[in-house]
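Here is a friendly walk through one protein structure. Keep the picture at hand as you read.

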Amino acid sequence: DPPVGPARVVEAGKSYDSVEDTLETFATVLVLGGLLAFLLSVGGAYLLARAALSPVEAVVSSAREMTEGDLSRRLPVAHPKDEIGRLTTTINGLLARLEAAFARREEALSRQRRFAADASHELRTPLTSISGYAQMLEEWGLRDPQTAREGVAAIRQESERMRRLVEGLLALTRGDEGAPLEIEDHDLAAVAEEAARTARTAADGETTVEYLPTQRPVNAPFDRNRIRQVASILLDNAVKYTPDGGKVTVRVREKKGWAELEVSDTGVGIPEDQLPLIFERFHRADPSRTADGVGLGLSIARQIAEAHGGRIEVESTPGEGSTFTLLLPKKLPNARS
């Protein structure tokens, strides 16, 4: 074996300065990158949150601008399909229903104010007349028998007129409050014949009242007393506005699921511009006939017809006559009962 010589060790080295510099540079880059990423994420989150909440801010701003008197405005809907959009759409629907409810409320209040004013005016007229005649009788009228009789007759006439007015007002009030109806199956033809017979007696031959009988009963569900009242109102109006020697015709028939009671006359007729107004309370087509009624009959008739789920139709030609038709459903409607 060859002799073993002394061992030799070779050492090699390299400076770590460049590595440390690289690590420091990398660490700096990481810190700066992390800081930049944090700032970007914060900024992005802010922008996203702002974009997401901008519809809410728009809704809040619009809601603040709304007032009780301006319910026609609506909240803006940016994205109808997301949660906020669906919520806003729901709120807009609620606002629409509130607007309609407020409109109905204002209309009802307006009608009530007009009705109260008209009723006060109508009551004031007979009361003034009664008071005037009573004062006349008290001061000097009783000394003259003829004057006294005339005064008493006038007071009775005005009292009767006021009684009819009060009864009409009570009937309208009961209808507005939804007075119950006694709905049963009745023959409308029998009701019409009875009303025509009464009207013929009241006309006392000055106006002909003719009832055209039906071949069979015309049955329908209704409150007999209330529909009898409607028939009387229509007949009274027909006789009132038909000159002496004229004719009023009453007929009943069935037509497409309706029971119809028709009252035709050969009277003065109604001008076309008055037709939309004849069912208004205290309206009279002929103002010269104020002493003949209080202007509530047709309003009461329409109210009763509508409570039964029916209606009243009218056709008229000035100088030739008018036709009023009461239509009642053959099947029981959602009437107030």
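## Two strands side by side

How many bridges join strand 4 to strand 5, and do the two run parallel or antiparallel? There are eight bridges between strand 4 (residues 247-255) and strand 5 (residues 258-265), and the pair is antiparallel. Within this pairing, R251 stands opposite E262 of strand 5. Before going further, please keep in mind that you are looking at a predicted model.

Now find the loop between strand 4 and strand 5, where K256 has its place. K256 is not a glycine, yet its phi is positive, at about 50°. Most residues other than glycine have a negative phi. K256 is also exposed, with a relative accessible area of 77%.

In the loop between helix 4 and strand 2 you can find D204. D204 has a positive phi of about 55°, although it is not a glycine. Is D204 buried or exposed? With a relative accessible area of 62%, D204 is exposed.

Next, look at helix 5 (residues 224-240), which has 17 residues. From its first C-alpha to its last, helix 5 reaches 24 Å, close to the 24 Å expected at 1.5 Å a residue. At the start of this helix, a side-chain oxygen of D223 comes to within 3.2 Å of the backbone nitrogen of N225.

Helix 5 is mostly covered, with twelve of its 17 residues buried. Among them are I227, A231, L234 and L235, but also R226, R228 and N237.

## The nonpolar cores

In soluble globular proteins, nonpolar side chains tend to be buried together. Here the largest nonpolar core has 47 residues, and L235, L261 and L326 touch the most other members. Leaving aside residues up to four places away in sequence, L261 touches L188, A192, A231, V250, R251, V252, F324, T325 and L326. Apart from this core lies another, of five residues, including I130, L137, A148 and I155.

Methods. Residues are numbered from 1 along each chain as its sequence is written. This is a predicted model: local features need pLDDT of at least 70, side-chain atom pairs count only at pLDDT 80 or more; totals for chains, interfaces and linings use all residues. Side-chain values use heavy atoms; hydrogens and water are left out. A nonpolar core is a set of buried Ala, Val, Leu, Ile, Met, Phe, Trp, Tyr and Cys residues joined through side-chain atoms within 4.5 Å. Buried means under 20% relative accessible area, exposed over 50%, partly exposed in between (1.4 Å probe, protein chains only). Contact means heavy atoms within 4.5 Å. Two strands pair if DSSP finds at least two bridges between them. Helices (H or I, at least four residues) and strands (E, at least two) are DSSP runs, numbered from the N terminus. The expected span of a helix is 1.5 Å times one less than its number of residues. A polar contact is a pair of N or O atoms within 3.5 Å; within protein, one must be able to donate a hydrogen and the other to accept it, and residues adjacent in sequence count only if both atoms are side-chain atoms.
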